[in-house]
Amino acid sequence: MKARGTRVLPGILGRWARPLAGPLAAIGLALAAGAILVAVLGQDPVTVYTTLFDAIFGSAYGFGQVLFKATTLIGTGLAVAVAFRAGLFNIGAEGQMYLAGLASAAFALALGDGCPALVAVPLVLLAGALAGALVALLPALLRAFLGVHEVINTIMLNFVAFALGSWILVEKLALFESVHTAEIPAAARLPRLETMLPAFRGAPLNLALLLQLLLCALCALALWRTRWGYEVRAVGLSESAARSAGIPVRRRLVEAMALSGALAGTAAANFVQGYKYYFEEGFTAEAGFKGIAVALLGSTHPAGIVPAALFFGALDRGGFVINGLVPKEFVDILQALVILLVIVLARPGDVAAQVRRLALRRREEVS
Amino acid sequence: MEALPLAGLLVAATLRIAVPYVFAALGGFYSERSGVINIALEGMLLTGAFACVVAAHAAESAGLGGAVAGWLGVGAACVAGGGLGALHALICVRFGANQIVSGLGLNLLAMGATKFLLTLVFGSSANSERIAGIPSWDLPGLASWSVTRVLFCTPLVLLAVLAVVVSQLLFRRTVFGLRLHATGEHPEAALSLGVPVVRLRWTGVVLSGALAALGGAWLALEQHQFTAGMSSGRGFIALAALIFGKWTPRGAALACLLFAAAEAVQIQLQGGALGIPTQFLQMLPYVVTMVALAGVIGRSRPPAALGRPLEPLR
Amino acid sequence: MNTPALELRDISKSFPGTVANDHVSLAVPRGRIHALVGENGAGKTTLMRVAYGELRPDAGEVRIQGELLGRGGTARAIALGLGMVHQHFMLVPTLRVFENVVLGHEPRRGAWFDAAAARRLVRETAARFGLAIDPDARVGDLGVGEQQRVEILKVLVRGARVLILDEPTAVLAPSEAEDLFAILRQLVREQHTVLLISHRLHEVLAVSDAVTVLRDGKVVDEMPAAQADLGRLARAIVGREVRAPSRARGSGHEPGGRAVAPLQETEVRVTDRREPVVLRCDSLRTAGKREALQSVSLEVRGGEILGVAGVEGNGQQALAHALLGLEPVVGGSIELHGEDVTRLGTAARRARGLAYVPGDRLREGLIPALRIDENAILGRQREPDLGNRAWLSPRRVAARAETLLRRFEVRPAMPSFPAAVLSGGNQQRLVVGREMGREPSLLLLVQPTRGVDIGGIAFLHERILEARDAGRAVLLVSADLNEILALADRVLVLYSGRVAGTCSAAEATPARLGLWMTGGKESEA
């Protein structure tokens with residue numbers, strides 16, 4: 001009996017066909033559902049989607065915007081993915097990113113003008129990452145040592161983080177009659193990419209993109225090439241087996257969650273250090289929650305997160321532009337549909353069943 | 001400042017605040033007791049609130065009275081919430097996908113869809129038109145004191161109390177309740193005895209959507225409009241109440257009262273009585289929830305098969 | 001009436017890659033106890049699932065009390081009078097006995113559940129068939145034998161006249177098995193019929209009227225119990241000579257129960273040299289809610305196998321976890337090589353030479369979703385030769401995995417696939433190979449051959465003996481008395497969290513061990 005679907009395409013394409021099938025189908029179906037929705041509302045789906053496409057690819061500026069939005073999403077997507085690998089649900093990326101932005105802006109302002117850029121930029125970045133890690137630490141400890149599930153705790157902390165940040169902003173840092181801080185010193189800012197690539201002029205695309213790509217590579221290395229990463233993945237797949245193997249489960253859980261929070265913290269840099277140069281109420285714009293979608297669509301692997309972030313970034317950019325035709329929340333609906341479709345279409349159980357069938361066929365051939 | 005009237009007002013406020021939590025927690029009860037994790041209570045609340053406003057507004061525009069329109073809104077909320085529940089059931093029970101992520105996805109869907117439709121139907125991305133709401137009944141004697149007015153004269157509060165009582169009886173004394181219990185603890189055993197596990201899970205999840213949506217309808221009727229994101233985390237707090245209440249209707253309802261009391265106190269203090277900044281007071285319900293959850297771990301055991309999809313029979 | 005109570009005609013059933021049942025026919029007359037035997041993988045479970053309506057056969061028909069089962073499924077099978085008592089109980093632990101018994105079939109008063117009627121029904125049925133049980137007890141609090149009685153009640157209360165029992169004595173002590181047989185005989189007196197699935201040959205012969213042997217999905221032999229002897233049965237079950245472990249020990253009596261060709265007598269190992277003690281437990285006490293150790297003292301030296309026998313649930317799991325550092329110890333001590341390790345964590349103990357083959361391989365021994373080569377280094381990922389400092393070298397991991405897979409004959413040898421693709425026996429080889437590869441000073445094995453095919457069992461037994469001969473200390477925990485008798489140099493029996501008795505292999509008779517296993521004292525023998 002032939003195992004269907006495993007070697008349909010030749011060579012390297014064939015190897016990638018199976019893991020890509022689920023996410024691609026999810027995107028396709030979501031777009032189709034979106035088209036139906038648009039049609040039901042009396043608009044022409046073709047117009048809407050071409051406008052969308054045009055906004056994304058029509059100009060270098062547009063594409064620069066896509067890359068800019070994708071940068072933040074790579075950060076939060078990476079954060080959620082790293083936590084997932086340890087078996088944890090980090091729904092708190094939004095709050096972690098928010099407080100990280102505040103912390104990094106405050107730190108940058110405190111540093112002042114004296115510090116050279118080469119020192120200031122990484123220090124401010126680190127301040128943000130540290131803040132994100134600290135926020136994630138509480139639910140991590142509660143989960144590791146008390147066994148409290150982190151889903152509700154991270155969600156609760158989001159609300160707490162917003163309230164806390166709002167108070168700090170209003171009381172201490174806000175500029176008069178505004179909802180943002182003062183601008184951070186020039187030394188702490190991330191340079192725009194338009195200086196090197198003039199085609200992107202006008203887009204806030206900045207060095208943070210390269211930072212996030214670097215972080216992707218580092219996370220991939222850490223998870224799959226280090227002993228620490230192996231232990232974290234083992235914990236995520238089977239705490240009981242990891243424990244029997246002598247892996248310090250609680251320590252790895254806390255470390256993974258803290259790393260996740262730190263990564264969410266770095267996502268703030270794109271806005272605070274790379275775009276507006278200050279912390280502003282509401283700057284996170286749901287990026288933490290979209291990070292969940294990005295992580296899932298990217299199969300929780302750094303290599304998948306980059307294209308997934310590009311996809312969602314493209315939708316964000318496009319939504320902004322099609323707001324005249326359909327409300328921009330159309331894009332939010334698409335993103336939610338993608339999440340729901342991905343988990344149905346790319347279930348791990350399916351993969352295991354396929355693999356087992358292949359293995360049985362091979363066994364018959366061998367014996 | 002009189003102590004007794006203040007106490008009465010606090011109790012009345014607690015009861016009012018508890019209503020959406022109670023409905024959502026009851027919804028969570030039916031779903032989780034059948035074995036399906038429901039993180040989407042928040043989205044179901046929101047959906048219910050929106051559906052209620054749309055229906056009530058349409059009814060009022062068609063000339064129907066405020067109370068009738070309000071009840072139509074309640075009905076619409078149940079249908080909409082049930083629909084979202086059916087989607088969750090489809091994903092989790094039929095397809096066996098990850099239940100937590102499904103809940104998160106549904107929350108995002110509800111958030112996006114309600115804002116989307118809000119803009120389309122009412123032209124604003126922040127809030128809708130006002131609706132009249134359902135007035136309290138003017139029962140002699142009972143209507144004069146704040147506490148009894150809330151408890152006996154407010155229809156949806158009565159409905160909430162009724163729902164709790166019925167659910168508790170259903171759970172402990174009926175065949176349906178026994179089977180629900182078994183389905184969440186050991187679905188394979190129940191299946192081997194001819195219990196329709198799949199049908200029970202669908203029922204539990206769809207019911208959870210309808211009930212949570214009722215909570216949303218209450219919110220909308222109380223505030224006389226729909227505002228984007230008006231659920232504000234209540235769905236998650238209701239889930240925490242369910243856990244705190246050991247997954248029984250009575251326990252969950254008591255936990256909801258506790259959380260509601262904390263919120264009522266917080267609102268009182270926001271008047272500046274103790275000089276605590278509003279933002280810290282706003283944090284209170286969420287902090288209380290986290291503390292409650294941390295404190296109850298080990299003593300509150302979830303249904304054994306919670307979150308585990310049924311293995312398909314070959 | 002001559003209609004058989006249960007008749008399976010020409011049943012065939014296949015799954016992808018394997019034929020589970022191949023034209024199997026079986027007829028059980030009314031009022032009889034019939035046994036179905038065969039080794040793991042012979043097709044017994046599939047056949048019973050077909051009989052019960054859980055699986056639809058590719059060909060053939062099932063008749064229960066003369067009526068065709070057809071496409072009705074388990075509901076119809078139950079309606080026709082068939083009742084299945086599963087090996088792994090299907091009981092809801094948080095519900096009470098009477099609730100579990102009537103579930104799916106509840107007496108009602110309108111919409112309400114008639115609890116009083118349910119209790120009455122349970123009491124009456126239990127009395128009629130001699131099943132001692134308290135209807136109001138919570139099932140989670142019951143012992144294994146009592147839980148089995150609840151399972152039997154479940155089917156009787158639904159009017160089952162034909163009962164299928166799947167490996168009923170697997171979890172029972174010898175005296176509890178006797179209680180069960182008494183119940184079965186009472187059932188027969190009440191005109192019921194029993195089909196017994198078991199691989200415990202001498203128990204089967206003690207109570208059955210006839211035996212059918214299944215091998216590789218086919219019926220290979222069938223005989224009345226009076227004409228059966230263990231040799232004929234064993235040969236029919238196995239169908240070939242099995243490579244017996246070369247240093248195995250004949251116990252001097254009938255092997256009985258295990259479907260292995262009779263073991264060869266070999267020389268009894270004489271040890272004059274006393275190796276140093278590797279593991280010492282002194283009055284070890286743990287606190288768990290069930291299976292807690294009350295006070296266990298034992299010693300294992302290098303170059304010996306200490307077999308820990310006993311019915312499951314008497315502290316074996318607690319002992320294993322306590323030794324590993326997964327279960328908190330509230331009294332007593334554990335010493336490895338003379339060093340007190342009681343307060344040390346799992347990693348530290350493993351670093352001091354402890355290796356562990358767990359009883360529950362899917363939960364503790366392996367990570368099914370993880371690649372095979374990554375499973376091959378589970379617990380050993382800190383070993384220096386796997387990479388530079390903090391890094392893991394994929395090349396070296398692959399080399400290590402390849403050696404392991406080859407040496408322990410794990411098939412299929414596809415290191416990049418998740419371990420879930422391996423069969424149970426191959427998964428166990430992987431785990432054992434990994435743990436033995438540590439060259440440990442203490443090897444702790446819990447139920448190492450459960451769910452493993454006959455060839456795999458022999459292979460693993462050989463490796464265990466090899467480890468002993470290489471000077472390692474081996475602690476073998478097994479509920480299979482015959483495995484203990486075949487491998488151990490000394491035997492220790494756990495009962496209720498205490499050591500009921502210890503003796504050398506020569507002194508270990510099934511009678512003596514069986515007595516200890518049920519809490520009896522020597523003088524009562």
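Two residues count as in contact when their C-beta atoms, placed from the backbone, lie within 7 Å. On that basis, the contact here draws 36 residues from chain B and 35 residues from chain A. Please keep in mind that this is a predicted model, where local features need pLDDT of at least 70, side-chain atom pairs count only at pLDDT 80 or more, and totals for chains, interfaces and linings use all residues. Residues are numbered from 1 along each chain as its sequence is written, and chains are lettered from A in the order in which they are written.

**Chain B side of the contact with chain A**
- Helices H4 (99-122), H10 (234-244) and H12 (278-296) of chain B each supply at least two residues; helices (H or I, at least four residues) and strands (E, at least two) are DSSP runs, numbered from the N terminus.
- H4(B) gives the largest share, 14 residues.

**Chain C overall**
- Chain C holds 17 helices and 22 strands.
- Its C-alpha atoms fill a box of roughly 70 × 50 × 45 Å along the principal axes.
- Among contacts between residues at least 6 apart in sequence in chain C, 66% join residues at least 24 apart.

**Burial in chain C**
- Of the 525 residues in chain C, 50% are buried (20 or more other C-beta atoms within 10 Å of a residue's own, with C-beta atoms placed from the backbone).
- Helix H9 (residues 316-324) of chain C is largely enclosed by the rest of the structure, because nine of its nine residues are buried.
- Among them are C:Gln316, C:His321 and C:Leu324.
- Just after H9(C), C:Gly325 adopts a positive phi of about 95°.

Methods. A residue is buried if 20 or more other C-beta atoms lie within 10 Å of its own, exposed if 12 or fewer, and partly exposed in between; C-beta atoms are placed from the backbone.
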